[in-house]
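Take a look at the model below. We'll start with its nonpolar cores and then move on to its sheets and hairpins.

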Amino acid sequence: AMEVDDPAPRGGAPPRIRRLEESVVNRIAAGEVIQRPSSAVKELVENSIDAGASTVSVTVKDGGLKLIQVSDDGHGIRCEDLPILCERHTTSKLSAYEDLQTIKSMGFRGEALASMTYVGHVTVTTITEGQLHGYRVSYRDGVMENDPKPCAAVKGTQVMVENLFYNMVARRKTLQNSNDDYPKIVDFISRFAVHHINVNFSCRKHGANRADVHSGSTSSRLDAIRNVYGASVVRDLMEIQVSDENAVDEIFKMDGFISNANYVAKKTTMILFINDRLVDCTSLKRATEFVYSAILPQASKPFIYMSINLPPEHVDVNIHPTKKEVSLLNQERIIEKIKDAIEEKLMNCNNTRIFQTQALNSSALTQANTRKDKGTEVSTPTGEKSQKIPVSQMVRTDPRDPSGRLHTYWQGQTSNLEKKSGLVAVRNIVRSRRNPKDAGDLSSRHELVTEIDYNLHPGLFDIVKNCTYVGVADEVFALIQHNTLLYLVNVVNVSKELMYQQALCRFGNFNAIQLSEPAPLLELLTMALKDDESMSDVNEKEKLEIAEVNTEILKENAEMINEYFSIHIDQGGNLTRLPVVLDQYTPDMDRLPEFMLTLGNDIAWDVEKECFRTAAAAIGNFYALHPPILPNPSGKGIRLYKKNKDSMESAGQADNDLTNEDDIDQELLAEAEAAWAQREWTIQHVLFPSMRLFLKPPKSMATDGTFVQMTRHQ
């Protein structure tokens, strides 16, 4: 009976409680502190900043699993401290528990380096001020593997962590299978670079020539944000400052930058430093996002940089193994104050909001033109009147204003284009009623068109819509005027983007260019492979095989590319028709072989959305206004058309020899001059009018050199 009432669990006596072995304890703790490669990078960079470094360089291989290397020019580590450097709970930042109350440094618990030695192989190279040489030492499981070896070293410390999580199979596999941790590392370094503006940061993949983050020290926070996140972000930022006026000694102080109503992004970027420590504060982030969504219902996510300073004793930095989260005294009150300040700032920024408006109708235009001679006053949506514009500055500043170039009197061109685009829209509606499963209704194509709208840069859109064409600047750039500013525009880039967008907009509804005679695909592909420098090592037989394979691929997909893009390939493998991507414009047929090779090689036929994207991109590249293949004969370029090119001396002859017409290949020269003149005409009369009507410039064009401002506001 006693046995029945026995409260012991099934299986007999309770299990004994044992003390874990120290190696197991250390491994468990290490897994909490170094959760992933980016945690290791953050800890090491914080150590470098604590060491007073003015330069911190990070190199990463295989997302940090193979190698993390952090070098700094800080004060270094004493040789006598190296034996206990990687033991748990050894630190130079604390001596008594009370020091935790006023801790200002970022690392303080002596956990990070120790943890790394339990889950990776750590090598430290360091030198202190005034020493003739440095020391290198490797660590495993918290202890030195060898005595410190004297070595040559530059000022500061370099920590190398290799084979991270080599002894944690599940963790390593998870990180290998999930997305590479490198973007997270770049994100951390970007955040540090924005806050610590007196430190040079760089972050690169191992073996890469270019750093993905490269920030020089600067005295301006905005410059730091511009260096890391780009000029387009800085343009839409407002400064913000908050302090607690009720408290005599200002219990907290916040300063930072927040995005205004014009900023557009898919996700929130929140860079938060509390007492110079990079942390997360979920409730502050939520409160901020709430303010933005309440004031700007259509707004996208904001960009926020905040630096909050509090007395150290009001911050508990020791609540999270990676020190990611902190706990604040009076947190609700602080968040409330910051929230109110952001709300007020956003409410007051509405008068600078950019709204996209429709083009003026003709009656409004006539009114504007009748007022023009008196100097026009333009009313803003808020009812304020802008400055009067002198008549002299109104010449050629508006493409719809017939006071500039002569050809603006010929109203036909733009209105025809407008009518045509209207007709296309009507035709599409009629077609979709007749056949609900028309090409235009494909969701993948719709997503791609929506992406174009989403990536639109409002400032560039305004420039493109209202610019005046001035002339061609060189082989690649044209000059335009917008208001009183001049811009250089990369004709190749804008035409490529315009053609890509038109290929998606006219999708399934193209008119066709009939080739005068069918072009055999096999011949086109063979020509392209012959001209392709990357194929120089491949012999003729292999090139022919590649051309045959690509011909078959194109023939198999002929029905689809004909239906959607009006590229017609007949049963015999001949190209017979190409699409009209832009009215009054035919692409450079010298680039046809290359286009066919791209269609055969680079199209993702199996994935619908990628297929449409890559096909439209290939069309965009083929129809773009590249410089003609024959070099520009103007100026000294005429030398390239000399008949006796074989002798080096002839190329270096004096310019007056060039007047000898017998010495120049007149036929080739005439062909080149015609090609360049035709391109210039097309840029002015076809490309720019179409750009004004159809182009939606993506944000990337603001920073990649497509548009370059030549003059500044006075």
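## Nonpolar cores

The largest nonpolar core has 70 residues, and Leu575, Phe595 and Met596 make the most contacts inside it. A nonpolar core here is a set of buried Ala, Val, Leu, Ile, Met, Phe, Trp, Tyr and Cys residues joined through side-chain atoms within 4.5 Å. Buried means under 20% relative accessible area, with exposed over 50% and partly exposed in between (1.4 Å probe, protein chains only). Helix α19 (residues 608-623) gives the most to this core, with eight residues. As for Met596, leaving out residues up to four places away in sequence, Met596 touches Leu521, Leu524, Leu525, Leu554, Ile567 and Leu575; contact means heavy atoms within 4.5 Å.

Apart from that core lies another one, of 55 residues, with Val70, Leu85, Val122 and Cys203 among them. In soluble globular proteins, nonpolar side chains tend to be buried together.

## What the model is

This is a predicted model, where local features need pLDDT of at least 70, side-chain atom pairs count only at pLDDT 80 or more, and totals for chains, interfaces and linings use all residues. Residues are numbered from 1 along each chain as its sequence is written, and side-chain values use heavy atoms, with hydrogens and water left out.

## Cysteines

Why does Cys203 count as buried? Because its relative accessibility is 0%. Cys467 counts as buried too, at 0% relative accessibility. A search of the whole structure turns up zero disulfides, meaning pairs of cysteine sulfur atoms within 2.5 Å.

## A five-strand sheet

Now for an open sheet with mixed pairing: its five strands come in the order β10-β11-β14-β12-β13. Helices (H or I, at least four residues) and strands (E, at least two) are DSSP runs, numbered from the N terminus, and two strands pair if DSSP finds at least two bridges between them. β10 (237-243) and β13 (277-278) stand at the edges with a single partner strand each, so one side of each has no neighbour in the sheet. β13 pairs with β12 (residues 269-274) in the antiparallel sense over two bridges, and Ile274 has Arg277 as its bridge partner in β13.

## Two hairpins

Further along, β17 (residues 468-472) pairs with β18 (residues 477-482) in the antiparallel sense over four bridges. A hairpin through four residues joins β17 to β18, and Val472 has Ala478 as its bridge partner in β18.

β18 also runs antiparallel to β19 (residues 485-490), with six bridges joining them. Which residue in β19 is the bridge partner of Gln481? That's Leu486. The hairpin of β18 and β19 has two residues between the strands, and Asn483 in the turn has a positive phi of about 55°.
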